[in-house]
Amino acid sequence: MSRKTNATRGHIIFLVILAVLLAGAGTAMGGNAMIWKDDKGGIHIGDKPPGNEGASRSVGTAKHVPRQKADIEIYVTDTCPHCIKAINYLKSKGLRFKTYNVQHDRTAAQRMLKLSGGARGVPFAIINGTKLRGFSEKSYEAALSKK
């Protein structure tokens, strides 16, 4: 392959990644982020392909990236293996959450005790208003499905 071909592929890959990152903004207005290449090799990004002014083919469509609707707080300690599992699970779902380390944050520890009814076990999570002690994918899924 020539350097020009590799450079063009590199630019297309970069633009596809950029479109995926920007897809949330495009889909918020009801469209899909798309990347188009015209007959002259120009790259276009938008929610619909350019008009008949030389568009030749689509070079990629960004997937819809839903906005997070879950409200998530999780209370953890440094040495808790179940805390790590819970955090990794939330990350694998692409969710944003607020983490409080009760081992280092006295205010968070007191808040957790109050919210949990005095229970000291971690992880302690609040997902969409549902209070969860410990970690199981099933209970986290159930809480996440609540709006």
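Author: Gladly. Along the sequence, the protein follows the pattern α-β-β-β-β-α-β-α-β-β-α. This is a predicted model, with four helices and seven strands in the protein. Buried residues make up 34% of its 147 residues.

Reader: What makes Y75 and Y100 a stacked pair?

Author: A pair of aromatic rings is described by the distance of the centres and the angle of the planes. Rings pair if their centres lie within 6.5 Å, and planes under 30 degrees apart count as stacked. The centres of Y75 and Y100 are 4.9 Å apart and their planes stand at 20°, so the pair is stacked.

Reader: Why is it said that Y75 and Y100 tie together separate parts of the sequence?

Author: Y75 belongs to strand β4 (residues 72-76) and Y100 to strand β5 (residues 98-101), so the pair ties together parts that are 25 residues apart in sequence.

Reader: And why is the pair of Y75 and F124 called tilted?

Author: Planes under 30 degrees apart count as stacked, over 60 as edge-to-face and the rest as tilted. The planes of Y75 and F124 make 45°, with 5.9 Å centre to centre, and the pair is therefore tilted. This pair also links distant parts of the chain, from Y75 in strand β4 to F124 in strand β6 (residues 124-127), 49 residues apart. Ring pairs link Y75, Y100 and F124 into a cluster, and the count of aromatic pairs comes to five.

Reader: How do you know whether Y75 and F124 are buried or exposed?

Author: Buried means under 20% relative accessible area. Y75 has a relative accessible area of 0%, so Y75 is buried. F124, at 2% relative accessibility, counts as buried too. Y100 is likewise buried.

Reader: What makes R111 a charge over the ring of Y100?

Author: The distance part of the rule asks for CZ of Arg within 6 Å of the ring centre. R111 is at 4.4 Å from the ring centre of Y100 and lies over the face of that ring.

Reader: Now the sheet: what makes β5 and β7 its edges?

Author: The sheet is open and has four strands in the order β5-β4-β6-β7, with mixed pairing. β5 and β7 (130-133) each have a single partner strand, so one side of each is left without a neighbour in the sheet. From one strand to the next, the twist averages 15°.

Reader: How do you know that β4 is paired on both sides, and why is the pairing called mixed?

Author: Two strands pair if there are at least two bridges between them. Four bridges join β4 to β5, and these strands run parallel. Four bridges also join β4 to β6, but here the strands run antiparallel. Among the opposite residues, Y75 stands across from Y100 in β5, while the bridge partner of I72 in β6 is I127.

Reader: Which helices pack on this sheet?

Author: Helix α2 (residues 81-92) packs on it, touching β4 and β5, and its direction makes about 155° with that of β4. Helix α3 (residues 106-115) packs on the sheet as well, touching β4, β5, β6 and β7, at about 110° to the direction of β4.

Reader: What makes the contact of N101 and D78 a polar one?

Author: A polar contact is a pair of N or O atoms within 3.5 Å. The side chains of N101 and D78 are joined by such a contact, of 2.6 Å. N101 is found in strand β5, and a polar atom of its side chain lies 2.9 Å from the backbone nitrogen of Q103.

Reader: Finally, why is N128 called buried, and what stands out in its backbone?

Author: With a relative accessible area of 19%, N128 falls under 20%, so N128 is buried. Its phi is near 50°, a positive value in a residue other than glycine. N128 is in the turn of the hairpin formed by β6 and β7, which have two residues between them.

Definitions and conventions
Residues numbered from 1 in each chain as written. Predicted model: local features only at pLDDT ≥ 70, side-chain atom pairs only at ≥ 80, totals over all residues. Heavy atoms only, no water. Phe/Tyr/Trp six-rings, centres within 6.5 Å; stacked < 30°, edge-to-face > 60°. Buried < 20%, exposed > 50% of the residue type's maximum accessible area, 1.4 Å probe, protein only. Lys NZ or Arg CZ within 6 Å of the ring centre and 35° of its normal. Axes fitted to C-alpha atoms, helices over the stretch in contact; angles between N-to-C directions. Contact = heavy atoms within 4.5 Å. Polar contact = N/O pair within 3.5 Å; in protein donor to acceptor, adjacent residues only side chain to side chain.
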